[in-house]
Amino acid sequence: MKKIHIILLVLIAGAIAVLVSFLQTTTTYDTVATAKAKPGKFVHLMAKWDKAEPLEYDALKNPNYLAFTAIDSLGEKINVVYHNPKPENFELSEKLVMKGKYEDGKFVCQSIQTKCPSKYKDQDASKHPGNTDTKTSYNNNEQAITSKQ
Amino acid sequence: MTYTGEHLLPGQIGHFFVVLSLVSSLVAAFAYFKAVNSQNIQDKNSWLKLGRGAFVIDAVSVVAIFAALLHILFHHLFEYRYAYQHSSLSLEPKYILSAFWEGQEGSTLLWTFWHCVLGLIIIKREKQWEAPVMAIVSFAQFFLATMIIGIYIFDVKIGSNPFILLRDSGMFDQAPAMHIDFDVTKPIRTDYLSMIKDGNDLNPLLQNYWMVIHPPVLFLGFASTLIPFAFAMAGLWTKKFNECIRSAIPWTLFAIAFLGLGIMMGAKWAYESLNFGGYWAWDPVENASLVPWMILVSGLHTMLIYKKTGYSLRSTFLFFALSFIFVVYSTFLTKSGVLGESSVHAFADIGMNGQLFLFMIVFVWLAPFFAAKNNKQRGIIAIVTAILSLGTYFLADVIPGFPMYVILSGVITFIVLTNKLIPASQKEESASSREFWMFIGSLVFFLAAMIIIVQTSLPVFNKLFNINTAPGEDNEFKYNQIQVLVAIIIGILTAIGQYFKYKTTSRDFLIKKLAVPTLVSALIATFILVVIKINYDKEGLGFLINIWLALVANVYAVVANAAYIFTGSKVNIWKRGGSIAHLGFGLIVVGILLSSGKKEVLSLNTSGINVNFGKESKEKTGENLTLVKGVPMTMGKYQVTYMGDSAHPKKQQTYFKIDFKSKDENFTLWPNAFVNYKGNEGLMANPSSRHYWNHDVFTYVSALPDKSKNTDTSNFVSHKVNAGDTIYYSRGYMIVEKLAGKDNLPIEGFEKTDTGYSAAIKVQELNGPSYNSDLLLIKNKDRMLYQLQDTIMSQSLVLQLNDVKGNKADIGVKESSNVLDYVTLKAYKFPYINVLWAGVVIMVFGSIISMVHRINKLKVQKLS
C-alpha cells in the first residue's frame, strides 16, 4: 500500500468522524408542546407571533428586551423573550423559527429567523394587486434573513 | 378578447425566442454529439456546421429574450407578472438590472447568457475541442432553457415563463375587483390594467449597487464551471487525456477567478446591506456556491500534478465532474425551496422541483455516460438514467433516501468506470516531491468542501428520510471549528508547497530556501499575536489556540509566497500567477481570522443602568443602544449622537444622521431604513459604515419609535424602596434621599387625621446633570386624597409617590416616550476587514495572470 493511500484513508476517516460528531450535535424542530416538554434543551421552535396578545418592547426602557406571545400551528401559545429588538420583517412574517430554550415558563431565544411569504406563494394566494396590503415579495435566492445576536 | 392598454408584442417576441432557444440548443447538442461520433470527415464537418449554426441561433435567442425582458422592465409594463413583481415606477433605473435578476427566471437567463458567451469563445478558439465540449455546453443550455419555457405536459409544469401576463398568472383568481361584476367566476375586466398603478417593487435589501454587479459575476462563475466539466467529459469521451487537461487549465483558472470573485462580491453585499454584522454566515446559499469553488481549486491542483508527473488523473476527472454537479445542486438548493424547513414540496413534486432534480440526475449520470468504454455501454447508462429518473419520480416518497441513492450510484459508477479507463500508476510519489504535498492539499480542501456540503444539506436529509433534525445550538461555530483546522493545514501547505520540486527535492535546498521566509513570518505572526492580539474567548481556549495556529500558518503562506515571487534569477511576473493567487488566499484567511476574531460590538449596553431594569434581563448586557435625539452616548471610544433624520424624496425611506466623535476621529454615518414599507408595519434597515484602512465602523438602526401609535401608553412602574435606595431608569438613576410622614398638616382643607408623606428624590442623568424632585402624597387611612406628580421634562420622566409604609415607600416611575425622538442602534467595529478584501483582489488577479500565461504557452505549443 502506498503512503498516499494510507493518508487518503486517514483523512477520509477523519472527515467521516467529524461528520458523525456533527450529526450528534444537531437539534430538532419543535412545536410549542414539544418544546415545553424539553425544558432547558436547545430547540428550533416553529410558531408565529400571536398578534392578539400584547407585545412588550420599549427601546427607551431597554432596547434589548422583547417579549411577546407565539402561537404554533396547533394553536398552543407560549411566552417568548428575546434580548434584542424586533427582528427584521417581524410584523410581516408568516412564521418564526425561534432558536432557544424553554426555561421558567418562557421561551428564551438566541435568535429569531423570520419567514416571509415568498412571491411564489403569493401567486397562489392571489392577493389582488390594487389592494394596498399586497404582500411584498421576497427573493427566493436569499431565502431567509436571519437576525443574529 | 382585448384588454385596454396592454403591450403584448414584447412578451410574444420574448416567448418566441424562449422556444427557439430551447429547440436550437437541443439541435446543437444533437449535432455536436453526432459530429464527435461520425467517422467520416465530411459527415463530421456538416454536423459541426449544423451544431455551430444552431448554437449561434441559441445565443441570438438568449440575447433577444434578455432584450425583451429588459424592455418590459424599463417601460414598467405591469401587465407582465415579472415587471409587476420585481419593479415599480419609483425604482431607480440602475436597479432595473437588479430587478431583472431578482426572480428565478431572470437569474436563469443570466446563467444561460454566460453559457452563450463562453460557448462562442470556445467555437472561436478551441477548434480541436469544439464538438465534444459544445455538445455538453449545448446540452446544459437545453436544460436551462426548459426552466423558462413555462409549459404544461400532462399537468406537469415545465419551467416558469418570465413573459407570463399578470392576468394569466392566477393572481386575479381571488380578486373580485378585477373581474366583471366583481364576480371571480366571470372573466377579467377589459380595463383591469387601469387599476394597476404600480408594481410591487424590488425587495429593498436588493436595492444596493452590489446587487447590480454581484449576480452577473457570480453567474459568470457558475457558467464557467461548466467548461472544465465539459473538457473533462470530452477528454474521457475522446480518450485524449493529455490534450484535454492541457486545454482545460486556462478555463479552470478562469472559473476559479470569477466564481471566487462572485462569491466574495456576495459577501461584500451581505456586509454592506444586511444587518447580521458580517460578510459570511455559513448560510446554505453561500455554502452551496463555495463548495463547487473549493472542488474546482482541488481539481486545478491535481490537474497540474497530472500535467507534470502523470499522477492524479482520476481524481482530476472526479473533481471536475463533481464541481459542476455541485453547481447544479446549489441551484437545486436555492431554487427548490427545500431550504425553507416548512416547505412541503417533495422531490417528486410537480413544479420546478422535479425538473431541477432531473437536471441533477442527468448531469450526475452524464459523467459515467462519457467515461464508458464504448457506445454500447453508453446506451445502457442512458437507459439506466431514464429508469432511475422515472423511479425517483414515483419512489421518492416510498423509499426514504431514494433520490440520494440515485445520485450516489451515479458518482460511484463514474469512479468505477474512470478507474477502468485510466490505469493506476504503480510508482510511488516521494514524500519530498511537490506533487505529494499538492495532492494532500487538494484532498484536504476537497474533504473540507464535502464536510461543508453535508452540514448544509441537513434540510435535504430531513426531506429524504422524513426526519426532524435542525442545526445545533451554535451552527456557525460547527463550521468554524472544522474549517479552522483546514485553514491550518492549507496555510502550511500553501507556504511550503512551491518550494518543493516535482519528483524529488533535496533537504538542503528546502532548508536554504525556506529559512528566511520562515523566520520573517515567525516575526510577523508574533507581532500580530502579541501586539494586535486575538482574544476570541467565546468558544473556549482550544478554539482560540486553533485560531492562533491558523493565523501563524497563513501569515507563513503570505510571506512564503511573496518571497517565492522574487526567487529565481529573472523575475517574470507572468510565471508567478500561482504564487500571487496563493498570497491572496493567505491574506483572505488572515483577514477572516483578524476581522472575526477581533470584531467588537460598540453599542454594548455597558452603562450598567439597563442591566437590572428590564424585568427579565438577567442575560448579558444587550448589544443595542437607544440614542435619544441630541443626547450623546458612549460607544467604545466614540461619543455618538443622533442628530436627526431626513426622508428620501420618493420612497418611504428615512436616513438617520448619526455623529461619531472621538479624540482622533470625527464622522457621520447615515444608516437608513424603510419604515412601514408598502403599508406593512415594520422596519427594514440598511447599514452604513465608515471605512478606514485598518478598520470599519458599521452601524444600523434596529428599532424606532412607532410614531403612529405614540399615544402615551406607558404606565407608572412601581418601585418599593427604602430611603437611600437607588432606582434605575433608561438614562440614569435616582436616589431616594429622604422619606417623611407627617400628621396635622398645616394645609387648608385637610383634616387632622390626614397624613402627608413626602419623598425627596435626586435624579441623576448618566454623564449629565442632576435634578431634585419632591413628591407629596396625602392620605387618610387608605384613602388617597392628594397626589403630586412631578415631571422632569428633559428626562421625560414622571414621578409620583404611591404609598409609604413605615420605612418603605412605593414610588411610581413613568418614562413617557411620546415626547422623545430616538433611534436604537447596533454598531460594530470590524478591524482589518480590508485585509480580506485585498486578499480577494490579489487572488483573482493572480489567477487571471496565471490564466493568461497558460493561454500564451498553449499558443506557443501550437505554433511549434
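Analyst: Two residues are taken to be in contact if their C-beta atoms, placed from the backbone, lie within 7 Å. The coordinates are those of a predicted model, and the contacts described below belong to that prediction.

With that cut-off, B:A321 touches B:F229, B:A232, B:A367 and B:F414, leaving aside residues up to four places away in sequence. B:A321 is one of the residues with the most contacts inside the largest nonpolar core, together with B:M233 and B:M360, and this core has 276 residues. Its largest share is supplied by helix α8 of chain B (residues 241-273), which gives 20 residues to the core. Another core lies apart from it and has 19 residues, including B:I761, B:V763, B:V804 and B:V813.

The domain assignment divides chain B into domain 1 (1-207), domain 2 (475-598), domain 3 (625-705 + 822-831) and domain 4 (713-815). Taken over C-alpha atoms, the centres of domain 2 and domain 4 of chain B are separated by 65 Å.

Turning to the strands of chain B, an open sheet is formed by five of them in the order β14-β15-β16-β17-β18, with antiparallel pairing. Because β14 (726-729) and β18 (783-788) of chain B each have a single partner strand, they stand at the edges, and one side of each is left without a neighbour in the sheet. On average, and with direction ignored, neighbouring strands of this sheet are turned by 25° against each other. Within the sheet, strand β17 of chain B (residues 770-780) runs antiparallel to β18(B) and is joined to it by five bridges, and B:N780 stands opposite B:R783 in β18(B). Strands of a sheet pair through backbone hydrogen bonds, in either the parallel or the antiparallel sense.

A further antiparallel pair in chain B consists of strand β7 (residues 653-661) and strand β8 (residues 666-669), which are connected over four bridges. In this pair B:I658 has B:L669 of β8(B) as its bridge partner, and β7(B) and β8(B) form a hairpin with four residues between them.

Chain A has three helices and seven strands, which follow one another from the N terminus as α-β-α-β-β-β-β-β-α-β. Of the 149 residues in chain A, 41% are buried, and among its contacts between residues at least 6 apart in sequence, 48% join residues at least 24 apart. In the loop between β2 (42-49) and β3 (66-71) of chain A lies A:E56, which counts as partly exposed because 15 other C-beta atoms lie within 10 Å.

As for caution, the mean pLDDT of chain A is 76, with 77% of its residues reaching 70 or more. Among the elements of chain A, strand β4 (residues 77-82) has the highest mean pLDDT, 94, whereas helix α3 (residues 119-125) has the lowest, 33. Over residues 118-149 of chain A the pLDDT stays under 50, and for this stretch the model has 83 contacts beyond four places in sequence. Where pLDDT is low, the predicted coordinates should not be read in detail.

How values were computed
Residues are numbered from 1 along each chain as its sequence is written. Chains are lettered from A and ligands numbered from 1 in the order in which they are written. This is a predicted model: local features need pLDDT of at least 70, side-chain atom pairs count only at pLDDT 80 or more; totals for chains, interfaces and linings use all residues. Two strands pair if DSSP finds at least two bridges between them. Helices (H or I, at least four residues) and strands (E, at least two) are DSSP runs, numbered from the N terminus. Domain bounds come from an automatic or database domain assignment. A residue is buried if 20 or more other C-beta atoms lie within 10 Å of its own, exposed if 12 or fewer, and partly exposed in between; C-beta atoms are placed from the backbone. pLDDT is the predictor's confidence in each residue, from 0 to 100. A nonpolar core is a set of buried Ala, Val, Leu, Ile, Met, Phe, Trp, Tyr and Cys residues joined through C-beta atoms within 7 Å. Axes are lines fitted to C-alpha atoms, for helices over the stretch in contact, and angles run from 0 to 180 degrees between N-to-C directions.
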